[in-house]
Protein chains: 2
Amino acid sequence: MEEENRKKRILVPEPALRRMPSYLAYIKLARKDGMKYVSSTHIARDMGVDPTQVTKDLSYTSIVGKTRVGYEVEPLIDELENFLGFRIMDEAYLFGAGSLGMALLHDHGLKQFGLKVVAAFDVNPEIVGKNFGGVPVYHVDDFLQFKEKGIQIGILTVPVEKAQEVAHWMVKGGIRAIWNFTPVRIKVEEDVIVQNTSLYAPLAVMFNRLHSKE
Amino acid sequence: MEEENRKKRILVPEPALRRMPSYLAYIKLARKDGMKYVSSTHIARDMGVDPTQVTKDLSYTSIVGKTRVGYEVEPLIDELENFLGFRIMDEAYLFGAGSLGMALLHDHGLKQFGLKVVAAFDVNPEIVGKNFGGVPVYHVDDFLQFKEKGIQIGILTVPVEKAQEVAHWMVKGGIRAIWNFTPVRIKVEEDVIVQNTSLYAPLAVMFNRLHSKE
């Protein structure tokens, strides 16, 4: 809990939060190029966004830019990574260790951004009881026994017909934030955080754009 | 090309396109529940969106609802899947077969939604020349030789510091639509379609929401 307390507690608007990881990626590239300072004008120009938006987004953090030179790169990276919660490891459960779920278990990227999957739940007898990438898979019926562990983040990668039911059980078992990879708009209590990541929405857009050009 | 021509050519607004795969998932669930008709009011209520928006979004397709009963489920599924391009297989190249890239190679879900990765490109000598999930990995330097195959979709899962450079080569080799999984805002010619899927933006939002509640 000591560590968790270090994560910032300000409630930041979602669009700003969603832009910040891109700023972070940009500033890390600037560091690789040997730059000591970046200005919001530079960030904005290179990323194709409005400079006042960059300044405003960064103002949610405690970092302060200097007139004419901008932000010092190294402290800005530190501050952004801390602010976004990427330096503290949050633990999560995975629900549905099928093709996409297994893929996420094997993606080391998540750990670099502060998320560690510590257990997975599924119903498939061929994988329940085994370990994948160091992560044990349990039967979903046993999930409620894990409630006391206090893990709050759940990744939802079950088949669509199970999404709503499993989401219900996740919340019952103490999950407070659901990262929903299914195309189903799950309904949960209002105080549960839901983030939808659809892998199929971008496909629909790409197919339409490509084929409407032909 | 015969098959590709069947994909609809109307240019549909992106927000509508992004919502449609969720409608499709909802309607498929309704079919599993034995329903023969769904109304936009039902879809809207269960998904927590506005009914007029559902009607408007669906009006881009050729499907017509009937007064009082709504849309017939089976033809609506057919029409949506065809309209969204999920029933025709588009081929794609993967750029960067690291942890996330490999994960996507093993996700069978993409094929169900009309995308088949037919080759991957990387620089890692340990994987170049091998097959993963039936997909051959080539050295990225050889990519331009593939131009004549006419594949238009590229999935970008390289490290951030390579994202812009590889995006440039993708376009040079004939890629017209880039599915960008890196947090970098890549800059490409205006007529190239870019869809950004960030796995880290949702994390930033979940961490902030969870920890601002504590």
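Helices here are DSSP runs of H or I with at least four residues, and strands are runs of E with at least two, numbered from the N terminus. Keep that in mind for the labels below. The model is predicted.

**Stop 1: chain A as a whole**

Select chain A. Eight helices and nine strands make up its secondary structure. Its C-alpha atoms fill a box of roughly 60 × 55 × 35 Å along the principal axes. Of its 214 residues, 51% count as buried. Now think about contacts between residues at least 6 apart in sequence: in chain A, 57% of these join residues at least 24 apart.

**Stop 2: the two copies**

Show chain A and chain B together. Two copies of a chain are related by a rotation about an axis and a shift along it. Here a rotation of 180° with 0.0 Å of shift along its axis puts chain A on chain B, with an RMSD of 0.0 Å. That is how a two-fold axis relates copies. To find the axis from chain A, select A103(A): its C-alpha is the nearest one in that chain, 2.1 Å away. Both copies use the same surface, as 99% of the contact residues of chain A recur in chain B.

**Stop 3: the largest cavity**

Stay with A103(A), which is one of the residues lining the largest cavity. Two cavities of 30 Å³ or more are counted. The largest holds about 70 Å³ of space. Which residues line it? From chain A, select L100(A), A103(A), L104(A), F181(A) and L199(A).

**Stop 4: strand β8 of chain A**

Select residues 177–180 of chain A, which form strand β8. Are its faces covered or open? Both are covered. A177(A) and W179(A) lie on one side, I178(A) and N180(A) on the other, and all four are buried.

Strand β7 (residues 153–156) of chain A runs parallel to β8(A), joined to it by four bridges. Look for G154(A), which stands opposite I178(A). Follow the chain from β7(A) to β8(A): the path goes through helix α7 (residues 160–172) of chain A, and this β-α-β crossover is right-handed.

Strand β9 (residues 193–196) of chain A also runs parallel to β8(A), again with four bridges. Pick W179(A) and find its bridge partner in β9(A), Q195(A).

**Stop 5: helix α5 of chain B**

Switch to chain B and select residues 73–83, helix α5. Which of its residues are buried? They are V73(B), L76(B), I77(B), E79(B), L80(B), E81(B) and F83(B). An α-helix has 3.6 residues a turn, so residues three or four places apart point the same way. Show what the buried residues of α5(B) pack against: α2 (14–32), β1 (37–38), α4 (51–58) and β2 (71–72) of chain B. Then step past the helix to G85(B), where phi is positive, near 80°.

**Stop 6: L11 of chain A**

Finish at L11(A), in the segment before α1 (14–32) of chain A. Is L11(A) buried or exposed? L11(A) counts as exposed because its relative accessibility is 57%, and the cut-off for exposed is over 50%. Show chain B around it: L11(A) touches N208(B), R209(B) and S212(B), leaving aside residues up to four places away in sequence. Last, draw a distance from L11(A) to Y60(A). They are 49 residues apart along the chain, with 9.2 Å between their C-alpha atoms.

Definitions and conventions. Residues are numbered from 1 along each chain as its sequence is written. Chains are lettered from A and ligands numbered from 1 in the order in which they are written. This is a predicted model: local features need pLDDT of at least 70, side-chain atom pairs count only at pLDDT 80 or more; totals for chains, interfaces and linings use all residues. Side-chain values use heavy atoms; hydrogens and water are left out. Buried means under 20% relative accessible area, exposed over 50%, partly exposed in between (1.4 Å probe, protein chains only). Contact means heavy atoms within 4.5 Å. Copies are superposed by least squares on the C-alpha atoms of residues with pLDDT of at least 70 in both. Two strands pair if DSSP finds at least two bridges between them. A crossover is right-handed if, with the strands pointing away from the viewer, the path from the first strand over the helix to the second runs clockwise. On a 1 Å grid over the protein atoms alone, a cavity is a set of points where a 1.4 Å probe fits but cannot get out, and a pocket is an open set with protein on both sides within 12 Å along at least five of seven lines; lining residues have an atom within 4 Å of a point. Grid points are joined across faces, edges and corners, and a volume is the space filled by probe spheres set on the points.
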